[in-house]
Each structure stands twice: as structure tokens, then as C-alpha cells.
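Dear colleague,

I am passing on the structure we spoke about, and I would be glad if you could look through it alongside the notes below.

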Amino acid sequence: MVSAVEFRIDRRSGVATYLQIVQQVQQALRLGILVEGDRLPTAAQVAASTKVNPNTTLKAYRELEREGLVEPRPGLGTFVSRTLARPESAADALLREELRSWMDRARTEGLDREDVQALVNSVLQDRYPDG
């Protein structure tokens, strides 16, 4: 099955483009959006949708292959070989709902996406300093 992942590249983020692709695939794997057997978009498809050089996507896919997350199949594409998702629990559902509620409140208070991202990153760094 072809994946439903759509890459979004933030050219102002300071993060290398290929790493943004790697991180987005890893996130999709953690969230169960991508599962074992899914085919990633081709480098040409990613280039067409993001205006990224196909070689950048290939570099990202090689990194994901090195991590054991995807495998290239010549003539067929690049496929997810394992997931990072863990079985969803009731706690996950509750936390997700609380986070949605918090994000709604942040938006109501006038925070934009970058403000929320900065706040979340700050708390993550504070609570998970080794990450």
C-alpha cells in the first residue's frame, strides 16, 4: 500500500531538509500512520510536492534504511520494514485528548504554530534533557 504521508518542509527551521524527511517518517511510524509494508513516496513524487531535490529524499531514505526502518526494493520502491509505534493504551487516548484541549486553549490565547512549537520544545528539553 502507498503511504498517506505528506512531507512538509520548513526552510526556515534550520534543520537540514533530509533530516526533516527522516523525522517526519519516524513520527509517522511512532503514530502508526505508517506501518510495516507501506510504500513511501518516490523521490520524484516528494520532489514534485515539496520542491526538494530528489537526491535529498534519497539521502533521507538511505538514513532510514541505515536505521532499519525502511528497505529499498529495486524497481518497486522503498517500503517500511518496521514500526516505531507501540500498542495504544487508554492512557495514550486520554493524553492525546488532553493535548488537543491544551492546543485549542493555546490557539484561543493567541499562540500561533511557532509559539506552540517553541513552548512544547522548551518543556520537552526541561523534562527530557537527554533527548
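This is a predicted model: local features need pLDDT of at least 70, side-chain atom pairs count only at pLDDT 80 or more; totals for chains, interfaces and linings use all residues.

**The largest pocket**

The largest pocket has a volume of about 2,800 Å³, and its lining is made up of 44 residues, among which Gln 27, Leu 31, Leu 99, Gln 117 and Val 120 lie nearest its centre. Three helices, namely H1 (17–31), H4 (90–108) and H5 (113–127), each contribute at least two residues to this lining, and the largest share, 10 residues, comes from H5. Sorted by class, the lining of the largest pocket holds 19 nonpolar residues together with nine polar and 16 charged ones. As for where the largest pocket sits, domain 1 (17–80) and domain 2 (90–127) both give residues to its lining, so the pocket lies between these two domains.

**The second largest pocket**

The second largest pocket has a volume of about 150 Å³. Its lining consists of Leu 40, Pro 41, Thr 42, Ala 43, Leu 58, Tyr 61, Arg 62, Glu 65, Pro 72, Gly 77 and Thr 78. Helix H3 (54–66) and strand E2 (77–80) each supply at least two of the lining residues, and the largest share, four residues, is that of H3. By class, the second largest pocket is lined by six nonpolar, three polar and two charged residues.

Gln 20 is found in helix H1, and it may be worth a look when you have the model open. Because its relative accessibility is 7%, and buried means under 20%, Gln 20 counts as buried. If residues up to four places away in sequence are left out of the count, Gln 20 touches Arg 8, Ile 9, Asp 10, Ser 13 and Val 15.

**Salt bridges**

Side chains of opposite charge can pair when their charged atoms come close. In this model the count comes to six salt bridges, and I describe some of them here.

One of them joins the side chains of Glu 114 and Arg 12, with an N to O distance of 3.9 Å. Since Glu 114 lies in helix H5 and Arg 12 in the segment before H1, this pair ties together parts that are 102 residues apart in sequence. Glu 114 is partly exposed, with a relative accessible area of 46%, whereas Arg 12, with a relative accessible area of 72%, is exposed. The pair also belongs to a network of salt bridges that links Asp 10, Arg 12 and Glu 114; Asp 10 is also among the residues that Gln 20 touches.

A further salt bridge is formed by the side chains of Arg 73 and Glu 71, at 3.0 Å from N to O. Both partners count as partly exposed, Arg 73 at 31% relative accessibility and Glu 71 at 35%.

The side chains of Arg 127 and Asp 126 likewise meet in a salt bridge, here at 2.8 Å from N to O, and Arg 127 is exposed, its relative accessible area being 60%.

With best regards

Technical notes:
Residues are numbered from 1 along each chain as its sequence is written. Side-chain values use heavy atoms; hydrogens and water are left out. On a 1 Å grid over the protein atoms alone, a cavity is a set of points where a 1.4 Å probe fits but cannot get out, and a pocket is an open set with protein on both sides within 12 Å along at least five of seven lines; lining residues have an atom within 4 Å of a point. Grid points are joined across faces, edges and corners, and a volume is the space filled by probe spheres set on the points. Ala, Val, Leu, Ile, Met, Phe, Trp, Tyr, Cys and Pro count as nonpolar, Asp, Glu, Lys and Arg as charged, and the others, Gly among them, as polar. Domain bounds come from an automatic or database domain assignment. Buried means under 20% relative accessible area, exposed over 50%, partly exposed in between (1.4 Å probe, protein chains only). Contact means heavy atoms within 4.5 Å. A salt bridge is a side-chain nitrogen of Lys or Arg within 4 Å of a carboxyl oxygen of Asp or Glu.
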